[in-house]
Amino acid sequence: MPDLSGLWTAFVNNPLIQLSVRLAGLYVLALYLAMVFWPVRPYLAGLMVVLLNIFGLFLYLIVRPKETLGEAYERQLAEESLLAEAESRVVCPTCKERVQDDFILCPTCRTRLKRVCPNCGKLIRPEWNICPFCAKDFDERDWTVHAGGKASEAERVRS
């Protein structure tokens, strides 16, 4: 039966094995130091890449951030911009198509979006009972005024 302690001693005393163990220990120490010095870790990881070559590259790939602070800030700004744009979009309540703010009717489904005040001629929402621009209180028959007759009736009120 072979001498197991002698084989183990010969294996451990091999210079290649000793070098591998020392390099692995240095790698673990470098990984530990990279985690301890978190704020300066990008610089340490870059230094490890230069000093340890392939092992340093692996270390850098392990501890590098998924995205930099600048990239995270740009992503957050882009998300906020898209959200603000989506909230400011005016859409038809019936068909959800995009409409402009000054449309009276939806061009797709013909839903009434705004109405024209018979007194001042400004666009107001259809559910309002009073014009916020001229303070005209109106009932349903005021809405039957045709757009062509609106100006003439407004002139008659003034004179």
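This is a predicted model: local features need pLDDT of at least 70, side-chain atom pairs count only at pLDDT 80 or more; totals for chains, interfaces and linings use all residues.
User: Which residues are linked with R75 in a network of salt bridges?
Analyst: R75 forms a salt bridge with E67, the closest N and O atoms being 2.8 Å apart. The side chain of R75 also meets that of E79 in a salt bridge, at 3.4 Å from N to O; E79 and R75 are 4 residues apart in helix α5, and therefore separated by about one helical turn. The residues linked with R75 in the network are E67 and E79.

User: Is the aromatic pair of W8 and F11 stacked, edge-to-face or tilted?
Analyst: W8 and F11 are 3 residues apart in helix α1 (residues 4-12), which means that about one helical turn separates them. Their ring centres lie 5.9 Å apart, with 35 degrees between the planes. Planes under 30 degrees apart would count as stacked and those over 60 as edge-to-face, so the pair of W8 and F11 is tilted.

User: Where do the buried residues G56, L59 and V63 lie around helix α4?
Analyst: Helix α4 spans residues 54-63, and G56, L59 and V63 are buried in it. Because they cover an arc of only 60 degrees around the axis, they lie on the same side of α4.

How values were computed. Residues are numbered from 1 along each chain as its sequence is written. Side-chain values use heavy atoms; hydrogens and water are left out. Buried means under 20% relative accessible area, exposed over 50%, partly exposed in between (1.4 Å probe, protein chains only). Helices (H or I, at least four residues) and strands (E, at least two) are DSSP runs, numbered from the N terminus. The arc is that of the directions from the helix axis to the C-beta atoms. Rings of Phe, Tyr and Trp (its six-membered ring) pair if their centres lie within 6.5 Å; planes under 30 degrees apart count as stacked, over 60 as edge-to-face and the rest as tilted. A salt bridge is a side-chain nitrogen of Lys or Arg within 4 Å of a carboxyl oxygen of Asp or Glu.
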